[in-house]
Amino acid sequence: MSKIMPPAHPFDTSYLRDSDDDDKLKEECGIFGVIGVVDASNFVALGLHALQHRGQEAGGIVSHDKVQGFQSARRFGYVRDNFTSKSVMETLPGPIAIGHVRYSTAGSKGQTAIRDVQPFFGEFAMGGAAIAHNGNITNANALRRELIERGSIFQSSSDSECIIHLMARSLQRNIPERMEDALRRVEGAFSVVAMTRTKLIGVRDPLGVRPLVLGKIGDGWALSSETCALDIIGAEFIREIEPGEMVVITEKGVDSQFPFRPQKPRFCIFEHVYFSRPDSILGGRSVYETREAIGRELAKESPVEADLVCPVPDSGTPAAIGYSLESGIPYAMGIIRNQYMGRTFIEPTEQIRNMGVRLKLNVNRALIRGKRVILVDDSVVRGTTSRKIKEMILDAGAKEVHFRIASPPTAWPCFYGVDTPQREKLLAATMSEEEMRDHLQVDSLKFISLDGLYRAVGEAKGRNPKQPQYCDACFSGEYPVVPSDQIEDGFEMKPAAE
């Protein structure tokens with residue numbers, strides 16, 4: 001990997017991607033599609049804006065119009081900076097469009113080329129098609145080798161491009177059938193939104209690892225990674241696309257089929273903990289209410305005497321509220337997030353860069369001084385941010401600092417569409433809970449148990465160890481789909497007897 005250049009300004013946090021300050025699992029991608037409305041691309045831009053938390057690196061939109069045909073725009077940066085200008089949106093006419101926001105999970109991490117930005121487009125004998133993919137293909141290396149040997153020419157470093165090439169080589173009669181044929185060759189996690197000139201297509205992998213929902217807007221339809229993006233365009237949430245389901249939407253309505261061998265679903269449990277927006281609905285449950293329930297469960301499992309419960313904003317907030325309600329300890333905004341991490345005139349000196357977390361968070365000193373504080377966060381990945389926040393709290397005069405974490409220890413990397421550090425860089429992979437407490441130098445550190453997390457998401461009896469109800473590989477090391485590319489590169493799976 002070539003060296004990443006230093007940022008142009010101190011609030012450009014892109015340079016933190018591979019550093020110790022980048023201490024959160026990165027949301028995978030967001031996908032959105034609309035059919036049957038005037039200027040569909042405008043609705044897609046709004047939907048992508050609501051899904052921005054799932055990928056801030058780049059975004060793209062493809063539309064189709066009977067006169068102008070397929071049109072596309074792909075840009076680096078935020079949706080608001082690229083897809084709000086009239087001049088750009090006028091180049092994307094038509095009643096059907098799909099879009100994608102990206103945080104690179106496969107391909108050139110941190111050095112994305114514009115050719116890696118989705119949606120991808122392909123011209124086939126029966127017409128063009130565009131595709132946007134959320135997830136990760138775990139056998140992409142093997143597929144890419146096979147396709148290149150057979151003459152395919154790849155334009156990007158993204159695993160998602162394999163789907164377009166597999167479609168091109170399929171002998172099926174139409175594009176939905178070719179997509180079905182291609183996805184049967186793919187292993188891993190995929191939620192896909194695709195389009196032809198007249199059809200909007202949505203597919204989830206047989207395990208349903210990544211989310212996809214269906215909405216109705218006027219006489220038209222929408223597909224989205226999350227329900228919060230349906231809200232922004234005024235669409236009615238109809239239902240989730242089922243694991244292993246393929247929907248083909250035309251002006252006649254929605255046609256549903258199940259082209260894959262049925263399997264027991266394994267939805268990503270971390271969507272409940274962190275990835276999804278709190279105002280979304282997952283599996284019929286409010287994400288906010290689930291996170292509050294996680295906090296309540298955490299308070300039952302790991303009580304401690306303290307004066308205040310403070311969230312690490314913003315992702316720790318619902319769990320902190322739940323912990324406070326269950327424990328009876330007052331909730332307080334002990335840490336304030338700076339909401340305006342935009343460009344600045346300040347020169348990026350080394351001293352400014354070393355401010356790190358303080359650029360994003362500041363301690364409410366008057367509230368914290370002399371108090372025993374419970375800090376609630378969603379996860380601990382490398383532990384570097386947790387340590388800096390602890391130092392800030394102690395500098396503000398806190399008497400004690402107790403960490404409570406709203407997920408089990410993250411000890412294994414995700415290979416299904418989440419940008420996770422290598423296993424040896426995950427704190428929980430090399431340390432016990434007590435060793436992590438000593439490393440962070442806090443008065444106590446407790447994680448929610450895996451069973452406790454399952455109870456909070458609605459599984460009253462906890463986790464079924466013989467047939468887990470969710471994908472929890474990042475906590476358990478039990479991967480529902482063998483990550484064959486990673487094993488080929490030397491990754492060692494958890495021994496069966498462990």
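**A short tour of a predicted chain**

Hi everyone, let's start at Ser-315, which sits in the loop between β17 (308–311) and α10 (317–327). Helices here are DSSP runs of H or I with at least four residues, strands are runs of E with at least two, and both are numbered from the N terminus.

Before going on, a word on the source: this is a predicted model, where local features need pLDDT of at least 70 and side-chain atom pairs count only at pLDDT 80 or more, while totals for chains, interfaces and linings use all residues. Residues are numbered from 1 along each chain as its sequence is written, and side-chain values use heavy atoms, with hydrogens and water left out.

Back to our serine. What does Ser-315 touch, not counting residues up to four places away in sequence? The partners are Lys-24, Tyr-274, Asp-377 and Asp-378, where a contact means heavy atoms within 4.5 Å.

Two of those names come back in the UniProt record: an unreviewed entry there carries the annotation "binding site" for Ser-315, Asp-377 and Asp-378. These three span 64 residues in sequence, yet no two of their C-alpha atoms are more than 7.0 Å apart, so they gather at one spot. UniProt positions are given in the numbering used here, feature names are shortened, and annotations may be inferred rather than shown by experiment.

Now the whole chain. It has 18 helices and 23 strands. Of its 498 residues, 57% are buried; buried means under 20% relative accessible area, exposed means over 50%, and partly exposed is in between (1.4 Å probe, protein chains only). Among contacts with a separation of 6 or more, 69% are between residues 24 or more positions apart.

How about cysteines? The structure holds 0 disulfides, a disulfide being a pair of cysteine sulfur atoms within 2.5 Å. Cys-228 is buried, because its relative accessible area is 2%, and Cys-310 counts as buried at 0%.

For contrast, let's visit a glycine. Gly-284 lies in the loop between β15 (281–282) and β16 (285–286). Is Gly-284 buried or exposed? With a relative accessible area of 70%, Gly-284 is exposed. Its C-alpha atom is separated by 8.9 Å from that of Arg-239, 45 residues apart along the chain.

Last stop, a methionine. Met-493 is in the segment after α18 (484–488). Met-493 has 31% relative accessibility, so this residue counts as partly exposed.
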